[in-house]
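The following note collects points for a colleague reading the model. Please consult the sequence and structure alongside the numbered paragraphs.

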Amino acid sequence: MDAPITNKQSQTHYKPKGNKKPLTVGLSYKKELRERLYALVFLGPSLLILTIFVFFPMLRTLYLSFFLTNSVGKPTVFIGLQNYFSLLTSTAYLHSLQATFIYVIAVSCLTLVLGLLLAQTASQKIRGISFFRTVFSGTMGVSVSVAAIFWLFMFNPSVGLLDQLANLFHLPVINWLTQPGWAMTAVVISTVWMNLGFTFLIFFGALQSVPTTFYEAAQIEGVSKRYQFFHITLPMISPTLFFVSIITLIESFKSFGLIDLMTAGGPDNATNLLVYRIYQDAFLSGNYGLASTESVILALMIAFFTFIQFKVLEKRVNY
Amino acid sequence: MKKIKNFRYRHLLLLFSLCAVILSALTGCTSAKADSRIQITFWHEMTGPAQVQLTKFVKEFNQSQHKYTVVPQFEGNYNEAVQKILNTHGTSASPAVFQSMDISTSQIYSSGYTTPVQKFITADNYDVSKISAVARAFYSKNGQQLSMPFNTSQPVLYYNATLLKKYGITPPPVDPSYSDITRVAQQLYERSGKKVKGLSVEIYGWLFEQFLANAGESLANNQDGHAGTPTAVNFTGTAATTTMKWIQENIKHGSFMNYGSGTSASANEMAGFLSGKLGMFLQSSADISQLTAGMKDQLGITYYPHPDGQKSNGVSIGGASLWISNDKSTTVQRGAWEFIKYLMKSQNQAAWQAATGYLALNKDSQNEPVLQKLYQKTPAAKIPSQQLARTTPNNTNSGIFMQGLIQERTITQTAMEQIYNGKNVTSALQDAEKQMNSYVQTTNKANK
Amino acid sequence: MNKNITGPNFQRLGQLFVLILLALFILIPFLLGFWTSLLPTADISKGSLWSSHISLDNYYTAITQTPIIRYLFNSLVISFFTMAAQLLFCSMSAYAFVFLEFKGRNTLFYVFLATMMLPFEAEVIPNFVTVRNMGLLNHYAVMIIPFLTSAFGTFMLRQSFLQIPGELKEASEIEGLSHWRFYASVVMPYSRISLFTLAAYSFLASWNQYLWPMLTTFSDDFRPVQDGLRQLQSQESFNNWGMIQASAAIVVIPTLIVLFIGQHYFKSGLNEGAVK
């Protein structure tokens, strides 16, 4: 969701400006104290909120992951790493992990490829293209529950459009949301659809920013369109490409709403992604210790990808 | 130049504060309700016509007296509600009276968050003998009534009588065996040119539990928890295996329709049945009113099917009961009790059954004109009550008293999903049993 | 540019075909949703989607029989306050990281960065207990207070503040402006494009919240629209598709209008960001 910003980020990362000299002797003790006081006032509110709602809960989650919890959610028996062992040996959990990876990879790839295709197509100068540009960015205004309702209707087994079409053409009717493989497909399609509007806008902006002189030069030399795309366009927009892929990846790891509304993790846990499983174990089954363990694992994975993002962005600035 | 920027900025600030003022004024208006009555927050999980009827009861109750205002709040499905109830206890968000499903009884009781309704029954000398004994027994412990049975249903088999007649198929008997159902399902599928599916059994743990109950098999040891805390479950006995094989046989034949699990599953199932694309399905008696309202064809109802070669043991009740939280003042609790009493009145229970299909629990309700009229119009509507009446309660058909039954449902539903999608019955059930047993052990350890 | 227009005919047809195909994929769920919202549910459940009984009845039902308007209002309140708070607190902390000199500034900045690695979804269990103990359950505050600030917003504004010419700061020091004055009358107006982006971002993020409100709200008085739609959908055991689609349309139409009007500005903002 945050791409336009980071577009900027990638270009301006870590460039201290001239006004920030190191603390000098000329700075009086009194002034230093005052600056500190200001820092406290300016940073205080944010620090307080982050401490209460980010740092403390992470530690608390880690703590809870070493316990069994009773029926009202209080930690009762310390069991060390047993929650971790039982999760990593549970077929159901491994199944969830696998499903999450499949989902994340499918969603990210499709979002990137289709988003790029949309942006590339919409960059052509054809009459009426602005209509298509408006259409392509349309799903940006769609929130998760609206998307779920639209697609639930498309996939509905008795009245949905897809099966009515299948009937019309005498194709086999697919039970979209009740067969494991198809349910995953359905959820992936809906997520990609929802992602496309935003991805399109970002890519479109990036494509517009590639200087036209490059293409003109290529055309004079008679280079093919495909060559232009792979050797001019892609390298030029690679920071955006990287940024969008990481964001899509992280966002899909955290998917919850569509799953909850469309499949509730089913059938046969085929779409029981990590966050949904946390919700299920904690807020349906009341198994808070286990759910905390799952949270820690999720946090580790997301931290890993965010870390990579930081690293690569930092490098990019240095080129 | 700086001046211009300042100017714009001030404008922005002005706009912002204006918005803030308007918004806060609006919130102030909507949340300020002048009412001297005592507010009774009531959490429920009723949907569709049951919700409509319940809201009507609430309105009538609020008009019938001036002391209390009951505020109904829908809290999602049964599963969601349990943790919400436990999690909000002791905060201002918690309900004064709440509806919680059958299988959560043991968990709610052991949380210690409720006042047993027995306290009010005794104080008021309330005549409970009018209320169905089977239902009362389900929600009591050591002769003490923990909660008041409210929406009580029986699982039954529905069939489209008109459709069967059209294809010249003999309807299933009132107390059908699995092979009776198979016959009808397959005949219907074939004679309709594969246009009409014969049978659907929603992937729903409750139905799985009922298959075991009707075959007289315990799902958990210690006699389904009636003789002590269960330490192991039984998903792999003859009853479960036979039933799942029976369903798989119908799936292979093609006459079975799998609507999946969850809220939309039952809605799609009903839509399929009403549009004549499905001939038979197993579901709660609570669907009767929706079925009779939405169906042009004649509706048929039978008892819950049982395995071949044995008599049916009878099924247990389903549904939910009403509990009073103990984190509210005595006046509020008293108000909650008054509301419960109101719901249990003979004419209200009759109206409840007529509107929903949940059974009227007050014995006097059967003579109320609403019910008399219903039975005249749809004789099949009597079947669920008859099924309940002919059942002799024993330990295998009186519910399961154990914590973690929500997990049990999740696990059995997963097994059903696997089986419906072609997995070997025995191995699916064994996996499920293993999973549940380890869950039971951990739960027992954590709650010691 | 000219090549595209004067290229062979079949190529242009091919392009048009791809365009239309992609547009259909995006449009069909919308169009079908809006279309069915105009049909009586009875027709929808019979599967006759090409019915001619078109009316706004479903919209009337949704508005009068369901709290959909209240849900929208709740979301508006929550998103507005979250947005305002993030603009204030993120800009304040970003200011501290750029214009204040104090010991441990860099360490603290890395601490802020680190929070971006911790997903809120993995912390809901302790956070739920925290807000319960604070007595915030089932109130607007529960959906605003945990999101009063964001590390991401701070990070982004810091980048933007770093672009402010050093001369401005020096001039302000000569003039004897206090930090507050400098913050309010120079830094904030100077970075208004970034502030606008953060406003849009935080508003949308709050508007799209789903899991957290689902766990912490228990009545229609406070439930935001995402969970409200979930509520409507799960209450309709009879699949009142017409009414549900109408509610979805009521939610999505305002956002679409805002999007289409704002698109021009948004796009130029984007390009500005990309070109820099």
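**Notes on the predicted model**

1. In chain A, the axes of helix H4 (residues 91-122) and helix H8 (residues 180-209) come within 7 Å and cross at roughly 40 degrees. The axes are lines fitted to C-alpha atoms, for helices over the stretch in contact, with angles running from 0 to 180 degrees between N-to-C directions. H4(A) and H8(A) are therefore oblique to each other; angles under 35 degrees count as roughly parallel, over 145 as roughly antiparallel, 65 to 115 as roughly perpendicular and the rest as oblique. The crossing of H4(A) and H8(A) is right-handed, a term used when the near helix is turned clockwise from the far one by less than a right angle, with anticlockwise giving left-handed. By class, the contact of H4(A) with H8(A) holds 20 nonpolar, six polar and no charged residues. Here Ala, Val, Leu, Ile, Met, Phe, Trp, Tyr, Cys and Pro count as nonpolar, Asp, Glu, Lys and Arg as charged, and the others, Gly among them, as polar.

2. The conventions are as follows. The model is predicted: local features need pLDDT of at least 70 and side-chain atom pairs count only at pLDDT 80 or more, while totals for chains, interfaces and linings use all residues. Residues are numbered from 1 along each chain as its sequence is written, chains are lettered from A and ligands numbered from 1 in the order in which they are written, and side-chain values use heavy atoms, with hydrogens and water left out. Helices (H or I, at least four residues) and strands (E, at least two) are DSSP runs numbered from the N terminus.

3. For chain A, an unreviewed UniProt entry places the feature "transmembrane region" at residues 37-59, 100-119, 131-153, 182-207, 228-250 and 295-313. Such positions are given in the numbering used here, feature names are shortened, and annotations may be inferred rather than shown by experiment. Residues 37-59 of chain A are 100% helix and 0% strand, with end C-alpha atoms 29 Å apart. Over residues 131-153 of chain A, the chain is 70% helix and 0% strand, and the end C-alpha atoms are 26 Å apart.

4. A:Phe136 is in helix H5 (residues 129-136) and counts as buried at 0% relative accessibility; buried means under 20% relative accessible area, exposed over 50%, and partly exposed in between (1.4 Å probe, protein chains only). The C-alpha atoms of A:Phe136 and A:Asp260, 124 residues apart along the chain, are separated by 26 Å. A:Thr178 is placed in the loop between helix H7 (161-168) and H8 of chain A and is buried, at 10% relative accessibility. Its C-alpha atom is separated by 8.2 Å from that of A:Thr263, 85 residues apart along the chain.

5. B:Asn142, although not a glycine, has a positive phi of about 50 degrees. B:Asn142 lies in the loop between strand E5 (140-141) and strand E6 (144-145) and is exposed, with a relative accessible area of 74%. B:Gly143 lies in the loop between E5 and E6 of chain B and is exposed, at 72%; its C-alpha atom is 9.2 Å from that of B:Gln118. B:Asn222 also has a positive phi, of about 55 degrees, but lies in helix H10 (residues 221-224) of chain B and is partly exposed, at 33%.

6. The domain assignment of chain C gives domain 1 (2-60) and domain 2 (68-235), with bounds from an automatic or database assignment. The C-alpha centres of these domains lie 38 Å apart.
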